[in-house]
Amino acid sequence: MLSQSLRRVPLFSSLSDEQIAALNAVAQRRSFRRGEVIFHKGDAGPTLFMITQGQVKIVLPSDGGGEEALLGVMDTGDFFGELSLIDEQPRSATIVASEDTDTLVLHRVDFLEFLSANPELAIVVMRVLCRRLREADEFIEDAIFLDVPGRLAKKLLELAETYGRDTPYGTVIGLRMTQQELAAMVGATRESVNKHLRAYRARGIIEIDRQRIIIYKPEELQRRIY
Ligand code: CMP
């Protein structure tokens, strides 16, 4: 049911049945396969997407192609595409489905009409925008003040916090990722990330097992950040 999918999006979780029914009437389902581009940076963007199941990555392609920066990952319950929807400028980043992903899509007119009728939702949207701006500031701060091993240590601890599973031998980061993707997350080259991962491994701080990273000594990574 579409209305159950809408309830799964925290943005809409406090809405009444009538409000959900009103949204239901205008939202559309769209599904994407793992690896599919949902839209490209620079596209026109009259729509907001809400993830009801799956995961996407936010990517900044480099001008020459090849390298890319990974701004972040969004999971079930998150929304994206709000920037172009609100300011009517082209898409600020490319969005790629990193798993098979189901979304609900709202068009600009419908979303803005819904916001005018339910102004409390605007506050929720603003809070999310505030959080994203703070994270972007932190990313800039880290790029300036931390070196690559420091940024790598910080990212591994963050990933462990969000996706970590504690086991008797360490915290397993439950996210399959290539070193290229990890490099894009910390704003470094794959070669450099590979070198520093190997150094952490040689010191018994982490282990790498088939694209999964296990953290043995989080305190050592923590020390590397300051
Ligand atoms: P939009 O510009 O419409 O399309 C790309 C989307 O990526 C953007 O809306 C946001 O939803 C999302 N996005 C862009 N930059 C960031 C960021 N720094 N942090 C989180 N999300 C972002």
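Helices (H or I, at least four residues) and strands (E, at least two) are DSSP runs, numbered from the N terminus. The structure described here is a predicted model, in which local features need pLDDT of at least 70, side-chain atom pairs count only at pLDDT 80 or more, and totals for chains, interfaces and linings use all residues. Residues are numbered from 1 along each chain as its sequence is written, and side-chain values use heavy atoms, with hydrogens and water left out.

The buried residues of H8 are Ser192, Val193, Asn194, His196, Leu197 and Tyr200. An α-helix has 3.6 residues a turn, so residues three or four places apart point the same way. The cover over the buried residues of H8 includes helix H6 (148-163), helix H7 (179-186) and helix H9 (218-225), together with strands E11 (206-209) and E12 (212-215). Just after H8, Gly204 adopts a positive phi of about 75°.

Two packed helices are described by the angle between their axes and the distance between the axes. Axes are lines fitted to C-alpha atoms, for helices over the stretch in contact, and angles run from 0 to 180 degrees between N-to-C directions. The axes of H6 and H8 come within 10 Å and cross at roughly 70°. Angles under 35 degrees count as roughly parallel, over 145 as roughly antiparallel, 65 to 115 as roughly perpendicular and the rest as oblique; H6 and H8 are therefore roughly perpendicular to each other. Contact here means heavy atoms within 4.5 Å. On the H6 side, Val148, Pro149, Gly150, Leu152, Ala153 and Leu156 meet Ser192, Val193, His196, Leu197 and Tyr200 of H8. The residues of this contact divide into eight nonpolar, three polar and no charged, where Ala, Val, Leu, Ile, Met, Phe, Trp, Tyr, Cys and Pro count as nonpolar, Asp, Glu, Lys and Arg as charged, and the others, Gly among them, as polar.

H6 also packs with helix H5 (residues 120-145), at an angle of about 145° and with the axes 10 Å apart. Glu138, Asp142 and Ala143 of H5 make this contact with Arg151, Lys154 and Glu158 of H6. By class, the contact of H5 with H6 has one nonpolar, no polar and five charged residues.

In soluble globular proteins, nonpolar side chains tend to be buried together. A nonpolar core is a set of buried Ala, Val, Leu, Ile, Met, Phe, Trp, Tyr and Cys residues joined through side-chain atoms within 4.5 Å. The largest such core in this model has 29 residues, of which Leu156, Ile173, Leu182, Ile206 and Leu221 touch the most other members. H6, H7, H8, E12 and H9 are the elements that give two or more residues to this core, and H6 gives the most, with seven.

Val59 lies in strand E4 (residues 55-61) and, at 3% relative accessibility, counts as buried. Beyond its neighbours within four places in sequence, Val59 is in contact with Glu68, Ala69, Leu70, Ala93, Thr94 and Val96. Ala69, in strand E5 (residues 68-75), counts as partly exposed at 28% relative accessibility. The C-alpha atoms of Ala69 and Glu181 are 8.4 Å apart in space, although the two residues are 112 residues apart in sequence. Thr47, in strand E3 (residues 47-53), counts as buried at 10% relative accessibility.

Two loop residues complete the tour. Glu88 occupies the loop between helix H3 (82-87) and strand E7 (94-97); this residue has a positive phi of about 60° although it is not a glycine, and it counts as exposed at 55% relative accessibility. Arg210, in the loop between E11 and E12, counts as exposed at 72% relative accessibility. The C-alpha atoms of Arg210 and Met177 are separated by 9.4 Å, with the residues 33 apart along the chain.

Conventions:
Buried < 20%, exposed > 50% of the residue type's maximum accessible area, 1.4 Å probe, protein only.
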